[in-house]
Amino acid sequence: MDARTLKIEAARAALAHVESGMKLGIGTGSTAEEFVRLLAEKVGRGFSVIGVPTSERTAALCRELGVPQTTLEDTPRLDLTVDGADEIDPQLALIKGGGGALLREKIVAAASDRMIVIADETKLVETLGRFPLPIEVNRFGLKATEIAIASAAERLGLTGPVTLRRNDSEAFVTDGGHLILDASFGRIPDPEALSTALHAIPGVVEHGLFLGLARIAIVARNGGVQVLESNAQKRS
């Protein structure tokens with residue numbers, strides 16, 4: 001199967017966990033978009049759900065396809081979030097944020113009773129860090145924040161370039177008006193320590209390490225769909 005077909009199969013398997021009447025967090029990215037398309041087909045046949053999109057891009061797709069939306073202001077507690085990931089380790093720790101929506105994705109996931117991650121098998125890793133870690137930062141003091149990130153990483157034995165994400169010649173700007181630094185640290189043996197260190201930096205708004213949030217990962221392979229489960233307690 002090609003990459004898109006694998007994403008569709010993972011999304012289809014996740015849809016089986018969605019019950020009528022649920023309040024859903026709806027993720028961002030190419031795999032999450034396949035989930036939205038399949039969900040919209042069921043909605044068109046009378047299936048009742050309401051969703052909180054994790055990005056303006058996902059919100060636009062939901063509007064286009066007729067998936068009902070709400071907000072966390074109106075619906076502050078969700079039953080389930082379905083989202084993709086850039087990396088998944090054996091404990092279901094994730095790196096997310098390749099699509100630039102990590103802050104909203106984490107807020108929505110944390111407001112949900114459960115999070116299901118959907119992906120193809122290329123996203124499975126033994127240790128996080130092959131994919132550069134996205135770090136959402138405030139515009140003010142950007143260089144100082146970049147230096148603080150590099151220093152914090154170095155104290156943990158991590159080195160590598162920290163680069164400002166760009167959209168062509170302009171800096172990439174998130175839906176929240178922030179910037180993203182992509183940290184190519186390589187292998188991250190202690191993601192919890194890195195998470196703590198990054199959260200202690202004032203200019204860091206949020207980072208793309210999702211720890212203890214995903215309860216189930218649905219991974220599509222050429223040989224079929226694999227379901228991985230975690231008993232970790234929710235934290236971020």
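How are H2 and H3 oriented to each other? In this predicted model, helix H2 (residues 30-44) and helix H3 (residues 56-65) pack with an angle of about 20° between them, and their axes are 10 Å apart. Angles under 35 degrees count as roughly parallel, and H2 and H3 are therefore roughly parallel to each other. The crossing in which H2 passes H3 is right-handed. On the H2 side, the contact is made by Ser30, Glu33, Val36, Arg37 and Ala40, and on the H3 side by Arg57, Thr58, Leu61, Cys62 and Leu65. Sorted by class, the contact of H2 with H3 comprises five nonpolar, two polar and three charged residues.

H2 also packs with H1, at an angle of about 55° and with the axes 8 Å apart. H1 and H2 are therefore oblique to each other. The passage of H1 across H2 is again described by its handedness, which is right-handed. From H1, the residues Arg4, Lys7, Ile8, Ala11, Arg12, Ala14 and Leu15 take part; they meet Ser30, Thr31, Glu34, Phe35, Arg37, Leu38, Leu39 and Lys42 in H2. Seven nonpolar, two polar and six charged residues form the contact of H1 with H2. Ser30 and Arg37 of H2 are listed in the contact with H3 and also in the contact with H1.

The nonpolar interior was examined next. In soluble globular proteins, nonpolar side chains tend to be buried together. The largest nonpolar core in the model has 28 residues, of which Val18, Leu24, Phe35, Leu39, Ile116 and Ile118 touch the most other members. Two or more residues of this core come from each of helix H1 (3-15), strand S1 (23-26), H2, H3, strand S3 (78-83), strand S6 (112-120) and strand S14 (216-221). Another core, of 24 residues, lies apart from it and includes Leu128, Ala197, Val204 and Leu211.

Val49 is placed in the loop between H2 and strand S2 (50-53). With a relative accessibility of 7%, Val49 counts as buried. Neighbours within four places in sequence aside, the contacts of Val49 are with Val18, Glu19, Met22, Leu24, Leu39, Val43 and Pro68. Between Val49 and Thr71, which are 22 residues apart along the chain, the C-alpha separation is 13 Å.

Lys96 occupies the loop between S5 and H4. Is Lys96 buried or exposed? Its relative accessible area is 2%, and Lys96 is therefore buried. When neighbours within four places in sequence are left aside, Lys96 is in contact with Asp83, Gly84, Ala85, Asp86, Leu102, Glu105, Met115, Pro134, Gly208 and Phe210.

Arg104 belongs to helix H4 (residues 102-110) and is partly exposed, at 30% relative accessible area. Beyond neighbours within four places in sequence, Arg104 is in contact with Thr54, Glu56, Asp175 and Gly176. Its C-alpha atom is 8.6 Å from that of Pro53, a residue 51 places away along the chain. Ala193, in helix H6 (residues 191-199), is partly exposed as well, with a relative accessible area of 24%. The C-alpha atoms of Ala193 and Leu156 are 7.8 Å apart, for a spacing of 37 residues along the chain.

Phi is near 65° for Leu92, which lies in the loop between strand S4 (87-88) and strand S5 (94-95). Leu92 is buried, with a relative accessible area of 2%. For Asp168, phi is about 60°. Asp168 is found in the loop between strand S9 (166-167) and strand S10 (170-171) and, at 72% relative accessibility, counts as exposed.

Terms used: Residues are numbered from 1 along each chain as its sequence is written. This is a predicted model: local features need pLDDT of at least 70, side-chain atom pairs count only at pLDDT 80 or more; totals for chains, interfaces and linings use all residues. Side-chain values use heavy atoms; hydrogens and water are left out. Axes are lines fitted to C-alpha atoms, for helices over the stretch in contact, and angles run from 0 to 180 degrees between N-to-C directions. Helices (H or I, at least four residues) and strands (E, at least two) are DSSP runs, numbered from the N terminus. Angles under 35 degrees count as roughly parallel, over 145 as roughly antiparallel, 65 to 115 as roughly perpendicular and the rest as oblique. A crossing is left-handed if the near helix is turned anticlockwise from the far one by less than a right angle, and right-handed if clockwise. Contact means heavy atoms within 4.5 Å. Ala, Val, Leu, Ile, Met, Phe, Trp, Tyr, Cys and Pro count as nonpolar, Asp, Glu, Lys and Arg as charged, and the others, Gly among them, as polar. A nonpolar core is a set of buried Ala, Val, Leu, Ile, Met, Phe, Trp, Tyr and Cys residues joined through side-chain atoms within 4.5 Å. Buried means under 20% relative accessible area, exposed over 50%, partly exposed in between (1.4 Å probe, protein chains only).
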